[in-house]
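Morning, everyone. I'd like to walk you through one chain today. Please have a look at it first.

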Amino acid sequence: MGHEHHRAHQGHQKTECCHHHTSAKESKTPDDPNAIYTCPMHPEIRQIGPGSCPICGMALEPLISTGEEENEELHEMNRRFWFSALFTIPLVIISMGDLLPGQPISKLLSAETRIWLELLLATPICLWAAWPFYIRAIQSIKTMNLNMFTLIGLGVSVSYLYSMVAALFPHLFPPSFRDASGHVAVYFEAAGVIVTLILLGQVLELKARGQTNEAIKQLLGLAPKTARRLKDDGTEEDVPIESIQVGDRLRVRPGEKIPVDGIILEGKSSIDESMITGEPIPVEKKAGDKVIGATINGNGSFIMKAEKVGADTLLSRIIVMVAEAQRSQAPIQKLADKVSGYFVPTVVLTSIITFIVWALWGPEPSMSYALINAIAVLIIACPCALGLATPMSIMVATGRAATHGVLFKDAKAIEIMQKVNTLVVDKTGTLTKGKPELVTVESETYPRSDFLRLIGSLEKQSEHPLAEAIVRGIQKEKISLTEAQDFTAITGKGVMGLIENHHVALGNKALMKDLQINVENWSSKADQLRKEGQTVMFVAIDHKAVGIVGVADPIKDTTPQAIEELHKEGVQIVMLTGDNQTTAKAVAQKLHIDRIIAEVLPDQKAQAIDALQKEGRIVAMAGDGINDAPALARAHVGIAMGTGTDIAMESAEVTLVKGDLQGIVRARKISRATMKNIKQNLFFAFFYNAAGVPIAAGILYPFFGILLSPVIAAAAMSFSSVSVIANSLRLKKVKI
């Protein structure tokens, strides 16, 4: 109900912003005068600068919270709470003191004096401390978005106004309302205590909500503040990070944070990228390698060129993704909103019926009972816990996931992730490292080091990716290479040349056939390696086949274990690859993959996803390239490997910064824990309101003589909100 009305009122909201998906450049931090603020419960509300939500009345929060900004609402509520508490304590002592043995208050003060004192103490509480509740209640009635503040405002104002009239004009009430001395019972203490308890609940809630922004606070804290820029004349200067431009040359010294995303021009080092990937082992980097801003340099020194600065750096994009995800709504939230929409009018109606029933059929003084129970119904039924149940869990979960290298684009992805029963994976770069490596070297007549030196010296001249892989592998073994003479490359067949007076040829069967070299004795071995997914080349020295080399794209170390864990959870794994059937089969057998769809062109990948969805499967697709983008967008959940392209990241709902399947296992664990947490929260909120309303209405009175005072109702209502928040914060401790 609330949302339809809100749509109608959107036109009147001068400050309403219409952009739902805020880009890195738009979602400015709170110290910016144009910072965008949003409601924690209704993310569709966006405006420039602070204010309160037109739907639920809550104070708006900055879209990207740095945790550094002053929380004005917290200060305000805190001030009102202490003021209220100061007046409430003597108010309660005066009104309840006679419950102590010997009725000490009656001995000290006459009934008349007590009523006047209570009026004096309750007035500042109900008029000043509770003021924000009335404003929000009136706004909720104006816009017909009835919410928790409607109930609080009604409850407090009715009990205060009734008591005030009773204190000032007791003669207006019928005799049944008055006691032997002609006084009418007043409920100032109920109004005062309700206000104080609700203010306490608000303070605790605002403090706890501040904790949900810890993840963003930590991420923002990672960014370095300055960088060392190299000027054209060779001198260096320290400059603030904001003034760095694309193309600037920067020096990074040992132990420093890398200022922005870029590429190493000269020097080498090992870099701790754990804050982005969650992996503790430092990564070796040399000239030509990319580096990420805010990662920590080891003991080397290097000069880098800035490629992405400001809002374009990976860290800034991660912060925006986390903020957006924290503010998005899970489909389950729609249920809570729908219920809240019907809930408040139902409660007001129940409260009116309670009043009528007690007034007509209740024991004497029936009017007092009627009023007290009607107010208790209004207060206990406050649905604030209901509104918080989903957003709190989502905020904590997305922050927690980000620190483990799993970025959710929105709450919907968190909800669907745990339902996924089919995972489609691309082979290259997802299951495998995406970079060919030298894996097999076999020779019968030459010692290994000599054999490698001859091959390496020949392949060093070639520009083929496989040649690069072979040279890289040989250089790792610290073998020094020599120059080749008469070097020839034959496209699609291989290379040959003269090294140390030996004629060396390396290539496929076709090259050997051209050179009339017999490779029969190596054929069966070559076939066996091909079945394992290797690309095999024959080596001939001085016109005789003497060995073979095999190059393959090796499987990532974490892949087998991740697949095993996903299988245990009942997820079917489908490999979708443009590679040939033989190589695909080899990888699939090694990893126990359930289905292979090989030799697919990029545009057919999305069709393959479609076909699986038509079988009724809930499909997640993991990929890392531009060619995977359409398929990622088509899947129920697209998972981009952070090691891949920006386009893949844009079209996916989940990004794994580290780029291995272990991240999918983590994402599912987070998803499961979050949905369980949301269900617990909804139970706390629903069960609590549903059970509380009949008790407050006095259903137990005829049987057990039990009534629920509005004071206890207010304490219990605040407790339900605090319990929802405390339960959500438990997600910070969940094992991933």
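The mean pLDDT of the chain is 82. Of its residues, 87% reach 70 or more. Which element has the lowest mean pLDDT? Helix 1, residues 2-9, with a mean of 37. At the other end, strand 6, residues 249-252, has the highest mean, 96. Keep an eye on residues 1-27, where the pLDDT is below 50. That stretch still has 58 contacts in the model, beyond near neighbours in sequence. Where pLDDT is low, predicted coordinates should not be read in detail.

Three strands make an open sheet, in the order 2-1-3, with antiparallel pairing. Strand 2 (46-48) and strand 3 (61-62) are at the edges. Each has a single partner strand, so one side of each is left without a neighbour in the sheet. Strand 1, residues 36-38, pairs with strand 2 over three bridges. Here is a landmark: Tyr37 stands opposite Gln47 of strand 2.

Next, helix 2. It covers residues 72-96, 25 residues in total. From first C-alpha to last, helix 2 reaches 35 Å, close to the 36 Å expected. Where does helix 2 kink? At Thr88, by about 25 degrees, shortly before the proline Pro90. Thr88 is also one of the buried residues of helix 2. Others on that list include Glu73, Arg80, Phe81 and Leu91.

Helix 5 comes next. It runs over residues 131-142, which makes 12 residues. Its reach is 17 Å, close to the expected 16 Å. Six names to note as buried here: Pro132, Phe133, Tyr134, Arg136, Ala137 and Ser140. After helix 5 comes Met144, with a positive phi near 55 degrees.

Last stop, Asn681. You'll find Asn681 in helix 25, residues 662-697. Is Asn681 buried or exposed? Its relative accessible area is 0%, so Asn681 is buried, the cut-off being under 20%. What does the side chain of Asn681 make a polar contact with? The side chain of Asn727, at 2.8 Å. Leaving out residues up to four places away in sequence, Asn681 touches Ala389, Ser393, Val724, Asn727 and Ser728.

Key
Residues are numbered from 1 along each chain as its sequence is written. This is a predicted model: local features need pLDDT of at least 70, side-chain atom pairs count only at pLDDT 80 or more; totals for chains, interfaces and linings use all residues. Side-chain values use heavy atoms; hydrogens and water are left out. Helices (H or I, at least four residues) and strands (E, at least two) are DSSP runs, numbered from the N terminus. The expected span of a helix is 1.5 Å times one less than its number of residues. The bend at a residue is the angle between axes fitted to the seven residues ending there and the seven starting there. Buried means under 20% relative accessible area, exposed over 50%, partly exposed in between (1.4 Å probe, protein chains only). Two strands pair if DSSP finds at least two bridges between them. A polar contact is a pair of N or O atoms within 3.5 Å; within protein, one must be able to donate a hydrogen and the other to accept it, and residues adjacent in sequence count only if both atoms are side-chain atoms. Contact means heavy atoms within 4.5 Å. pLDDT is the predictor's confidence in each residue, from 0 to 100.
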